[in-house]
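Let us walk through this structure step by step. Keep the sequence and the coordinates in view as you read.

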Amino acid sequence: VNKEAGVNFCTFINQFRVDEAKRLLDADRKNRYTLDSLSAIVGFHSYTSFYSWFKKLTGKTPSQYKKDNEKAENEYHIV
C-alpha cells in the first residue's frame, strides 16, 4: 500500500472511509444520518476518530461539510 498509494495502510483505509462518508452525505437529501451514526456506518469505532480523520483529509469538520453541502443544495434548487 505504501508504494502503490503513497500512504500508509491506516491513512489509506481512513481515506476510503471518509470518501464513503462524503458520498453518503452528498446523497442524503433527507438528513437521515446523524454524524455519529454515519461515523459507525463507514467503520470508525469512535466519533472522535471520525472527526479527526475527516478534518485532516478534507480540511473541514464533518458538520462544516454537511452544512456546506446543504447550502449548495439549497442554492441549486433556488436557481
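A residue counts as buried under 20% relative accessible area, as exposed over 50%, and as partly exposed in between. The model discussed here is predicted.

Start with Asp26, which sits in helix α2. Its relative accessibility is 31%, so Asp26 counts as partly exposed. Which residues does Asp26 touch, leaving aside its neighbours within four places in sequence? They are Tyr65 and Asn69. With Asn69 there is also a polar contact, side chain to side chain, at 3.4 Å.

Now follow helix α2, residues 9-27, to its packing with helix α4, residues 47-58. The axes are 10 Å apart and meet at an angle of about 90°. Angles of 65 to 115 degrees count as roughly perpendicular, and α2 and α4 are therefore roughly perpendicular to each other. On the α2 side, the contact is made by Cys10, Thr11, Asn14, Gln15, Val18, Ala21 and Lys22. On the α4 side, it is made by Phe50, Trp53, Phe54, Leu57 and Thr58. By class, this contact of α2 with α4 has 7 nonpolar, 4 polar and 1 charged residues.

Next comes the core. In soluble globular proteins, nonpolar side chains tend to be buried together. Here, the largest nonpolar core has 13 residues. Those with the most contacts inside it are Ala21, Leu38, Val42, Phe44, Phe50 and Phe54. Helices α2, α3 (35-41) and α4 each supply at least two residues of this core. Which helix gives the largest share? That is α2, with 4 residues.

Take Phe44 as one of these core residues. Leaving aside neighbours within four places in sequence, Phe44 contacts Asn14, Arg17, Val18, Ser39, Ser49, Phe50 and Trp53. Among these partners of Phe44, Asn14, Val18, Phe50 and Trp53 also take part in the contact of α2 with α4.

Finish at Thr61, in the loop between α4 and α5 (62-78). Is Thr61 buried or exposed? At 7% relative accessibility, Thr61 counts as buried, because the cut-off for buried is under 20%. Its side chain makes a polar contact of 3.2 Å with the side chain of Ser63. Beyond its neighbours within four places in sequence, Thr61 is in contact with Tyr51, Phe54 and Lys55.

Note on methods. Residues numbered from 1 in each chain as written. Predicted model: local features only at pLDDT ≥ 70, side-chain atom pairs only at ≥ 80, totals over all residues. Heavy atoms only, no water. Axes fitted to C-alpha atoms, helices over the stretch in contact; angles between N-to-C directions. Parallel < 35°, antiparallel > 145°, perpendicular 65-115°, else oblique. Contact = heavy atoms within 4.5 Å. Nonpolar A, V, L, I, M, F, W, Y, C, P; charged D, E, K, R; others polar. Buried < 20%, exposed > 50% of the residue type's maximum accessible area, 1.4 Å probe, protein only. Polar contact = N/O pair within 3.5 Å; in protein donor to acceptor, adjacent residues only side chain to side chain. Core = buried A, V, L, I, M, F, W, Y, C linked by side-chain atoms within 4.5 Å.
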